[in-house]
Amino acid sequence: MQTFLNPARETWKELAQRPLFDLTTLFAKVQPILNKVRTGGDEALRELEQRFDHARLQDIAVPDAVLSSAEAELPQELCEAIRTAYHNIYTFHAAQRFAPIVVETQAGIICEQRAVPIERVGLYIPGGTAPLFSTVLMLSVPATIAGCQEIVLCTPPAADGSVNAAIRFAAHLCGVKKVYRIGGAQAIAAMAYGTESVPRVDKIFGPGNQYVMAAKQLVSLSHVAIDMPAGPSEVEVLADDTCRPDFVAADLLSQAEHGVDSQAVLVTTSRQVADAVAQETERQLSLLSRKDIAAQSIENSRIIVFEDDLTAAITFTNLYAPEHLIIATKDHRTVADKIHNAGSIFLGNYSCESAGDYASGTNHTLPTKAWARSYSGLCLDSFQRKMTLQEISPEALALFAPVVETMASAEQLDAHREAMRLRRCSLE
């Protein structure tokens, strides 16, 4: 990891950059896949699955019996861990239920706001080198609580056409019945356009590789909503001399092992911490089963030292706007109060990112690439829409109509004015 000691402020913007890739090239590669599925349906999906996942598929859908049998294929310890995670995630997201608002803005004018579920949602669950069964929980649980009528889940199959047992178990636990063995950009296309087997959805959720992300962005231009723009996963650890360097190194590496384009950043007020974390990272890296992936990610990562200057460290953190932020400082809650841009914050030496990734209860689908400045992480609201209602009594209208008529006339929208004037005159 590169180390930067007390960098000048004019260099901060460059230091906050993520690894870059050419989106134009990605769009050019993904668009033909989207077009193929849109026109070719299931036949195109089978052809693309054979090409990309080397799977010859007869049935695209995973049968109910295969979903319900998944538990028998897994160690009970893992099943119980998934159940515990389900409970915690459900508890936290259920607490986010929206209470309807009813307000009388003036006498006789009632305005309301209600939350209504998005009817049909699509969930993308990455497979490949690390099948993310935890993401099934993170997406399915709030979708269920929100009351989404149709939940469609797509995940890449193995070469023999099978779907990871833990993914199947988590889906069955969450009550998801429509599971399809398709991955990549073709899965996004299937959910965006619909095929003979896969229903078209109203909004697509979930992480994926750069091709999946490019596909989501393309279909969102005209066909379907998506959860958020996203890129490779990332973490920042903000630490002072009260941190545990071995903990910090483990946190950086837990992010680095996600993929070669992930990024891990240490921002610290201590040069001694920077040196200790760098040494500990090298030691722990050699022990990882995914050390080749993590090592490439570490090349994109950096240590930034603002010696004895916590204010500068906080200011840089708000500029970087990390997806995950671990605050390993003495007064971590005081520091957290000064953080405005982060997807999810983990407080203190014992609150590791892994807890939120799996089972503490918060959602792990979060904005990356500094989108935390303007996007929230996934929550119950992501699966709902806010709808407003209003009712005006005849008595209120008689008093209120001149306000609307005057404003409509000023904007030269005569029909707007007449809609109100006719009602007012009917009461005279």
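**Figure 1. Strand β5 and its neighbours in the predicted model.** In this predicted model, strands β5 and β6 (residues 178–180) run parallel and are paired over 3 bridges. Within this pairing, C154 stands opposite Y180 of β6. Strand β4 (residues 120–124) is also parallel to β5, and 5 bridges join the two. Here G122 is the residue opposite V152 of β5.

**Figure 2. The side chains of strand β5.** In a regular strand, side chains alternate between the two faces of the sheet. In β5, E150, V152 and C154 point one way, while I151 and L153 point the other way. Residues on both sides are buried. Because 5 of the 5 residues of β5 (residues 150–154) are buried, the strand is largely enclosed by the rest of the structure.

**Figure 3. A stacked pair of aromatic rings.** A pair of aromatic rings is described by the distance of the centres and the angle of the planes. The whole structure contains 8 aromatic pairs. One of them joins F205 and F383, whose rings are stacked, with 4.0 Å from centre to centre and 15° between the planes. F205 belongs to strand β7 (residues 203–205), whereas F383 lies in the loop between α14 (353–358) and β14 (384–392), so the pair ties together parts that are 178 residues apart in sequence. F205 has a relative accessibility of 0% and therefore counts as buried. F383 likewise counts as buried, at 0% relative accessibility.

**Figure 4. An edge-to-face pair of aromatic rings.** F247 and Y350 form an edge-to-face pair, with centres 5.7 Å apart and planes at 70°. This pair links distant parts of the chain, 103 residues apart: F247 is in helix α9 (residues 245–256), and Y350 is in the loop between β13 (344–347) and α14. F247 is partly exposed, with a relative accessible area of 24%. Y350 is exposed, with a relative accessible area of 69%.

**Figure 5. The second largest cavity.** Rolling a probe the size of a water molecule over the atoms shows where empty space is left. The search of the whole structure finds 2 cavities of 30 Å³ or more. The second largest cavity holds about 40 Å³ of space. Its lining includes F247, V248, D251 and I326. Helix α9 and strand β12 (324–328) each supply at least two lining residues, and α9 gives the most, with 3 residues. By class, the lining has 5 nonpolar, 3 polar and 2 charged residues.

**Figure 6. The largest cavity.** The largest cavity has a volume of about 50 Å³. It is lined by R18, P19, P232, S233, E234, D261, S262, Q263 and K369. These residues divide into 2 nonpolar, 3 polar and 4 charged.

Figure 7. The volume of the second largest pocket is about 180 Å³. Its lining consists of K13, A16, Q17, R18, L20, L319, Y320, K369, A370 and R373. Among these lining residues, 5 are nonpolar, 1 is polar and 4 are charged. Y320 also belongs to a cluster in which ring pairs link it with W12, F306 and F316.

How values were computed. Residues numbered from 1 in each chain as written. Predicted model: local features only at pLDDT ≥ 70, side-chain atom pairs only at ≥ 80, totals over all residues. Heavy atoms only, no water. Buried < 20%, exposed > 50% of the residue type's maximum accessible area, 1.4 Å probe, protein only. Helix = DSSP H or I, 4+ residues; strand = E, 2+ residues; numbered from the N terminus. Pairing = 2+ DSSP bridges. 1 Å grid on protein atoms, 1.4 Å probe; cavity = no way out; pocket = protein on both sides within 12 Å on 5 of 7 lines; lining within 4 Å. Points joined across faces, edges and corners; volume = space filled by probe spheres on them. Nonpolar A, V, L, I, M, F, W, Y, C, P; charged D, E, K, R; others polar. Phe/Tyr/Trp six-rings, centres within 6.5 Å; stacked < 30°, edge-to-face > 60°.
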